[in-house]
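Please open the model in the viewer and display it as a cartoon.

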Amino acid sequence: TFPVTAGVTYTLSFQARKGTTAGYTPLEVSVAGFNTAFSNVSGSFQLLSYTFTASATNPAAELRFFNSAPTPDYKTYDIDAVVVEEGTGPSVPINPFIGDPADAGDPAFSTSHFSGSQNCAMCHNGIVDNQSKDVSIVTDWSSTMMANSSRDPFWRAKVRSEMARHPELQGVINDKCSKCHAPMANAQAKKDNTIASQTIFDGGILDVGHAKHNAAMDGVSCTLCHQIPATPALGTLATMSGNYAINDTKTIYGPYGGPGDTALFTMPMVMHTGYTPTYGAHTKDSKLCASCHNLKTPYVDAAGNVLSTTPESEFPEQTPYMEWEQSSYVGQKSCQGCHMSRTDGVKISTMGMSGLRNNFAIHDLVGANKLMLDILNNNKNQLGVLSNNFAETLAKTDAMLKSAATVSVVEQR
């Protein structure tokens, strides 16, 4: 769909071709209530066009390509490079608050160390619990802030403003801010020794065509979190602020297959992806979350000189992990215990003999940022958002906020 204004003339242009099978009927087009047909489409791409004047204003005029009576069977037309250009007539004011469509990236990408979320969906979507409730891992994750960390317009704006204020520190800002918002692109660049020249904007990882664009757009994805090993430094200042390690053996850590548990059936993942699943108790530990959810940043004086000299002396920009450590919840629930709801009886992979697992952590990763989830959901085209699962995540976020605390009047005066 696209907007049209009454009295304005528009030209639809596109390229089309048909296959070699006989029996094609004309390619028909319905655009903004007007209908036309193209009967001489050849087997090579050719430029076709149709001009019309809108009879009524419509914010969502429909454009359809179709065959109304294909014989002897359905035949395929290839359509490419579709453009609707505004011509003469009343001008349509530009809406400065609606951005151009953004590229969403390809979640089926792969690099030497990472694999996109769509590759994991092959086996870890389409799974249910013992109540037949869909608990597809990638679907649930796709509508979270973690999946959309690099699409977050507030984060992008803040990074831009910091770079504008301190252009001399762009290298520091590019690295610091992509460690956790575009972590696979950042970590891969460090593996490739290209981090020094890698940028976020202006030809950087958020732009189509950059070698690590797809990795950046996939956010905090499966092969990022599940490849962080349980080093002695995990949960300490050394690995916080995005200073996590990524193993070089394509080992995927998870909560199952440990002592006394049913062994993991590893062959399907090894065969299809090259990654090897193994037990990692640390995936249930808050220390894993501390990798990004305890952030310290350098600070500067009025002249832009960096004053902090060590991680200890940096500014505590956000400290959820440290706050949890000092709370009454530290002995009750981990980060995952609150932010990933649980269910039982889940066959965690559609492939192989994985058996049913209990205490399965649903990857809903619910937090409190309902505002940004709503922005992402309502501006998918402009922000390059792929997920259609926001209604569920928003409902869970609303429920968490409403149950997060209670207020009681102990004395009234």
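At roughly what angle do the axes of helix α3 and helix α4 cross? Before selecting them, note that the model is predicted, with local features requiring pLDDT of at least 70, side-chain atom pairs counting only at pLDDT 80 or more, and totals for chains, interfaces and linings using all residues. Residues are numbered from 1 along each chain as its sequence is written, and side-chain values use heavy atoms, leaving out hydrogens and water.

Select residues 153-165 (α3) and 170-181 (α4): their axes come within 10 Å and cross at roughly 165 degrees. Axes are lines fitted to C-alpha atoms, for helices over the stretch in contact, and angles run from 0 to 180 degrees between N-to-C directions. Helices (H or I, at least four residues) and strands (E, at least two) are DSSP runs, numbered from the N terminus. The crossing angle therefore makes α3 roughly antiparallel to α4 (over 145 degrees).

Next, show the side chains at the contact (heavy atoms within 4.5 Å). From α3 come Trp155, Val159, Glu162 and Met163, and from α4 Gln170, Ile173, Asn174, Cys177 and His181.

Now move to the open sheet of three strands, ordered β5-β2-β8 with antiparallel pairing; two strands pair if DSSP finds at least two bridges between them. Select β5 (46-53) and β8 (77-86): these stand at the edges with a single partner strand each, so one side of each lacks a neighbour in the sheet. From one strand to the next, the twist averages 20 degrees.

Finally, select β2 (residues 9-18), which pairs with β5 in the antiparallel sense over eight bridges. Centre on Ala16, which stands opposite Gln46 in β5.

Methods
Parallel < 35°, antiparallel > 145°, perpendicular 65-115°, else oblique.
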